[in-house]
Amino acid sequence: MRAALLIQRWYRQYAARLEMRRRYTWNIFQSIEYAGEQDQIKLYNFFGYLMEHFTPASSERSLISHIFRENDVVHDTEWERYFCYKSIEVSHGYHGPHLTFPMTFCEASKLVEAFKHKQLLGEAWKLLRVLPNINHVSTCHSKEITICGDLHGQLEDLLLVFYKNGLPSSEKPYVFNGDFVDRGKSSMEILLILFAFLLVYPNGVHLNRGNHEDHIVNLRYGFTKEVLGKYRVHGKKILKLLQKMFSWLPLATVIDGKVLVVHGGISDTTDLNVIARMERHKYVSALRPPKSSRRSAGGNRRAPRCTEGGEERNLHGPGARHAVQRRSLHSGSAVEEELRQRRQQAGLSQSLQELRRLVSSSSSSDEDDDDADDDDSDPQPRTPERDEWKQMVDLLWSDPMAQDGCQPNQVRGGGCYWGPDVTEEVLGRHHLQLLIRSHECKQDGYEFCHNRRVLTLFSASNYYEVGSNRGAYVRMGPDLVPHFIQYQSSQTCRTLTLRQSIGRTERSALCALREQLFAHKSDLLGAFQHYDPDNTGVISLKHWASAMEGVLKLGLPWRVLRSQLGTSTQDGMLDYREWIQDLVFSEPKHELSNASILETMYRNHSNLETIFRIIDTDHSGSLSFEEFRQTWKLLSAHLKTEVDDDAIADLALSIDFNKDGSIDINEFMEAFRLVALAVPS
C-alpha cells in the first residue's frame, strides 16, 4: 500500500511538472505572437499618421501612399476585365487542370490535386459580391454542418479534414471561419480550393473573413511573399485581385438563427443589424479607420485622431498643431532646409530630432486634451462610418476574457476583450444561444468559456511547433450540439510520448524567447545596471525578473523561466553579465562600423521586412540603395531613434553581394536572421 502511495505521489508530481512546462511554453508562444500583432498595428498607425500630417517631397510620399489610397472608383465592367483570365497566356509546359465555368465537382476535385492555376478568382469575386454580410445557414437541409477554424496556410490540415469528414457538397456544408492565409506555406492552395468549392456549391460552402484576410497584415506574415514567389509573372496582379476579394468576404454566419459564427468575437456595441447593412467592401483593410472631420464651436477643425483598440486619442496637441503643420520624414539636406524654413515661418527653431520628440510627446498631452474636451461635452462625433468600422474591427480582432466588462485589447493592439456579461447581453438581444469564434490557438483545438456560451475553434494543428497543439473542427446537427473531431496532421508527433512532445515544444519556445532577449541585450543590460548602482555585476532574482518584464513586456513567469534560460544563482543573487553572455546566437559575418544598427535590425526584424514589402511597390523583390535608405529612415522615425546615413550606406554596401547597386530583400532578411548556436541545458 505504501509503495502504491509513493508511486501515485511521484506520478502526480511528474504530471504537475509537465503541465507547468506546457503552460509556460504556451505563454511564451502566445506572448511573442500577440506582441508581433501589436507591433504591426502600431507600425500601420504610424504610417497613417505620416500620411495625415506630413507633406514630404513626392518621391517620399509615394513610398507609403499606395497602401492608404481610397478605394479606386472602378466600374464593375472594368474590374471584370481586370479579373479576366482569358488574357493570361498559358505556357505549353502547363499540365494542370483547365477550368471551365460554371465549374463542376469533377473540376474542383482535380483542383484539389493540382492547385496550380488562377482562373477561378474572377468567378469567385463575382459570387462574393452578391453574398450578404451575414450568411444564414440551416441544418434542416442536411444532417450536419461542419465548422472549421483558422487554417493559416497549412494545407495538410485542410486535406486531413476533407479526408476524415468528406469533401464539401450540398449534403455536407462547411463554414470556414477566416484566417485562411499567412504563416503557413500553402495559403494560395487553400484559397483556390475553398473558392473552387464555393463556386460549385454556393449554398454549401460559407467563408467568413478573418483578421488575416487583410493586405496590410499579409505584408508581415508571409502571404504576400508566398504569392510573389509562386507567381513571378502575375504575382502583383493576383495580390491586387485577392485584396479586392478579401474585402468582399462575408463577416459572419448564423446557423438556424441560434448559432453565431464570427472570426474574432463581439463587443458591448455589437449590433448584427448594423453589420448586416454595412458596405463591407469599403474596408479593404480593417486596420484603417474611416476618415472623419468635425469643427468645434469656434470653427477650428479638431486635431485628427488615430483609433487603436477601439479607443480614440489625439495624435498631436495644440503646441504641435502650430509647431509642425506638415512635416517631412527625410533627413536629407534639401528637406532639412525645407524644415528649417518652415520652423522659421512658425517662429520656432527646433531641430528634426526635437520635432520627433515633440511628435512622440504630443500623444500624451492630447490625452489630457481629450479629457478636457469630454468635460466640455464635446466628444468625437459618432458617424455611421466610424460605428461600422468599429463593429468590423471587433468582429475580426476581439478576444474573450474571464471577468465582466469590455475593454480595449491592448495585447493585440486591435479589437477588445469582452466578458461573460457582454456575451449574455449580445446573444440575448439577438436571440442566439452560442457564439463560435476562432482567432486564438488552443492546445486541444477548441475551448469553451463564458458558461459554455462561447466556443473557440482552431483548425491549424502544430501551429507553434510540431506537437504544440491539436487542430479541431465541429460537426453540428439540428440539435445544435457541437461534436468535436481533433487531429494532428504531422506523423512525427504521433510517435512522440507526452514528455517528448512537451520537451520539443518547450525547446522551440525557449529558442524564440532567447531571440527576443538577444535582440534587447543593450536595454536589458541598462535595466540590470539600474538595480546595480554599485556596479557589482550581480542583482537579486526579484530585480532580474522586474527588469526582464520592464524591457520585454511579455507578461511571462520570469522566475519560473530563470533556470530554463541558462544561468544559476548564488545566495539568491544572479550574475547578469554572465547571463547575457550565455545568450549565444550566430551573427552575420558582415563587418559594420555601427553595432547599434545591427541590434536595431534584430529587434525590429519583422517591422523592417514589412517596410521593405511596402516600399517595393513593383514587387520585384529588390530595392535600390536609395529605397534601402528610405526604409531605414521610416523605421527610425517609427522608433523615434536616429540612424546615421553613413551606417546605412555601410550596411547596404556590405550586403550588395554582386555589386549591382540593388539589394535582394529575401537574401538581406535571411542574412541577418538569428540562429541559435547552443541551448544551455
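This report walks through a predicted model of one protein chain, from overall figures to single residues.

**Overall picture**

The protein chain has 681 residues, and 54% of them count as buried. Its secondary structure comprises 27 helices and 23 strands. Take the contacts between residues at least 6 apart in sequence: 73% of them join residues at least 24 apart. The exposed surface comes to about 31000 Å². Carbon and sulfur atoms supply 49% of that surface.

Confidence comes next. The mean pLDDT of the chain is 76. Of its residues, 67% reach 70 or more. One is residues 70-74, which has seven contacts in the model beyond near neighbours in sequence. Another is residues 589-593, where the pLDDT is also below 50. Counted in that way, residues 589-593 have 12 contacts in the model.

**Aromatic pairs**

How many aromatic pairs does a search of the whole structure find? The search finds 16. Two of these pairs are set out below.

| Pair | Centre to centre | Angle between planes | Geometry |
|---|---|---|---|
| Phe448 and Phe484 | 5.8 Å | 85° | edge-to-face |
| Phe528 and Trp579 | 5.8 Å | 80° | edge-to-face |

Why is the Phe448 and Phe484 pair classed as it is? Its planes stand at 85°, so the pair is edge-to-face; the cut-off for that class is over 60 degrees. The pair links distant parts of the chain. Phe448 belongs to strand β13 (residues 446-449). Phe484 belongs to strand β16 (residues 482-487). Phe484 has a relative accessible area of 25%, so it is partly exposed.

Phe528 and Trp579 also link distant parts of the chain, at 51 residues apart. Here the elements are helices: Phe528 is in α19 (residues 521-530) and Trp579 is in α22 (residues 576-581). Buried or exposed? Phe528 is buried, with a relative accessible area of 0%. Trp579 is buried too, with a relative accessible area of 0%.

Ring pairs also build a cluster. Its members are Trp26, Phe29, Phe458, Tyr463 and Tyr464.

**Charges over rings**

Arg452 lies over the face of Phe448, at 3.9 Å from the ring centre. A second case involves Arg129 and Trp125. The charged end of Arg129 sits over the Trp125 ring, 4.3 Å from its centre.

**Thr146 and its surroundings**

Thr146 is in strand β2 (residues 145-148). Its relative accessible area is 2%, so Thr146 is buried, the cut-off being under 20%. Which residues does Thr146 touch, leaving aside neighbours within four places in sequence? They are Asn165, Pro173, Tyr174, Val175, Tyr473, Val474 and Arg475. With Asn165 there is a side-chain to side-chain polar contact of 2.9 Å. Pro168 is 22 residues from Thr146 in sequence. In space, their C-alpha atoms are 9.1 Å apart.

**Ser169 in its loop**

Where does Ser169 lie? Ser169 lies in the loop between α6 (155-165) and β3 (174-176). At 14% relative accessibility, Ser169 counts as buried. Its side chain reaches the backbone nitrogen of Lys172 at 3.1 Å. Beyond neighbours within four places in sequence, Ser169 is in contact with Tyr201 and Gly204.

**Two residues with positive phi**

Most residues other than glycine have a negative phi. Asp256 has a positive phi of about 55°, although it is not a glycine. Asp256 sits in the loop between β5 (252-255) and β6 (259-261). With a relative accessible area of 28%, Asp256 is partly exposed.

Asn535 is another residue other than glycine with a positive phi, near 55°. Its place is the loop between α19 and β17 (538-540). Helix α19 is also the element that holds Phe528.

Technical notes:
Residues are numbered from 1 along each chain as its sequence is written. Side-chain values use heavy atoms; hydrogens and water are left out. Rings of Phe, Tyr and Trp (its six-membered ring) pair if their centres lie within 6.5 Å; planes under 30 degrees apart count as stacked, over 60 as edge-to-face and the rest as tilted. Helices (H or I, at least four residues) and strands (E, at least two) are DSSP runs, numbered from the N terminus. Buried means under 20% relative accessible area, exposed over 50%, partly exposed in between (1.4 Å probe, protein chains only). A charge sits over a ring if NZ of Lys or CZ of Arg is within 6 Å of the ring centre and within 35 degrees of the ring normal. pLDDT is the predictor's confidence in each residue, from 0 to 100. Contact means heavy atoms within 4.5 Å. Accessible areas come from the Shrake-Rupley method with a 1.4 Å probe; for residues, only the protein chains shown count as cover. A polar contact is a pair of N or O atoms within 3.5 Å; within protein, one must be able to donate a hydrogen and the other to accept it, and residues adjacent in sequence count only if both atoms are side-chain atoms.
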